[in-house]
Amino acid sequence: MNQEQTYLVAAEAELAVRSFDDIADLIGACLGGEGLLLSEEDLGPEFFRLRSGLAGELLQKFVNYRIRVAITVPDPARYGERFSELAYEHATHPLIRFVRSRAEAESWLES
């Protein structure tokens with residue numbers, strides 16, 4: 001996070017979500033800030049396999065901690081119908097947003 005930016009960009013902080021253990025690291029890094037920007041590249045394959053529970057755990061933890069998260073996934077349908085539905089359901093969520101571009105993510109996190 002820089003002086004003007006109040007949210008963490010996972011890639012810039014060299015953070016990613018590849019396993020359940022990574023969630024705690026992300027939360028710790030975000031404390032004191034106002035949000036997190038995750039890109040498709042920051043997310044491991046297990047995140048997109050909803051049966052793994054990784055996506056659900058990440059979303060629930062960030063909601064519990066009331067940390068805003070913008071997740072950029074340009075084409076959610078690429079990961080299947082269920083993932084596409086999840087992204088659609090979070091298109092207007094107050095804390096978790098799936099968006100199609102970094103610009104859209106930044107706009108929402110800065111609002």
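**Figure 1. The largest pocket of the predicted model holds about 200 Å³ of space.** A pocket is an open set of points on a 1 Å grid over the protein atoms alone, where a 1.4 Å probe fits, with protein on both sides within 12 Å along at least five of seven lines. Points are joined across faces, edges and corners, and the volume is the space filled by probe spheres set on them. This is a predicted model, in which local features need pLDDT of at least 70 and side-chain atom pairs pLDDT 80 or more, whereas totals for chains, interfaces and linings use all residues. Residues are numbered from 1 along each chain as its sequence is written, and side-chain values use heavy atoms, without hydrogens and water.

**Figure 2. The lining of the largest pocket comprises 14 residues.** Lining residues have an atom within 4 Å of a point. Ala-87, Ala-91, Phe-98, Val-99 and Arg-100 lie nearest the pocket centre. Two or more lining residues come from each of helix H4 (81-89), strand S4 (96-99) and helix H5 (102-110); helices (H or I, at least four residues) and strands (E, at least two) are DSSP runs, numbered from the N terminus.

**Figure 3. The chain contains five helices and four strands.** Their order along the sequence is β-α-β-α-α-β-α-β-α. The C-alpha atoms occupy a box of roughly 40 × 30 × 25 Å along the principal axes.

**Figure 4. Buried residues account for 43% of the 111 residues in the chain.** Buried means under 20% relative accessible area (1.4 Å probe, protein chains only). Of the contacts (heavy atoms within 4.5 Å) between residues at least 6 apart in sequence, 73% join residues at least 24 apart.

Definitions and conventions. Buried means under 20% relative accessible area, exposed over 50%, partly exposed in between (1.4 Å probe, protein chains only).
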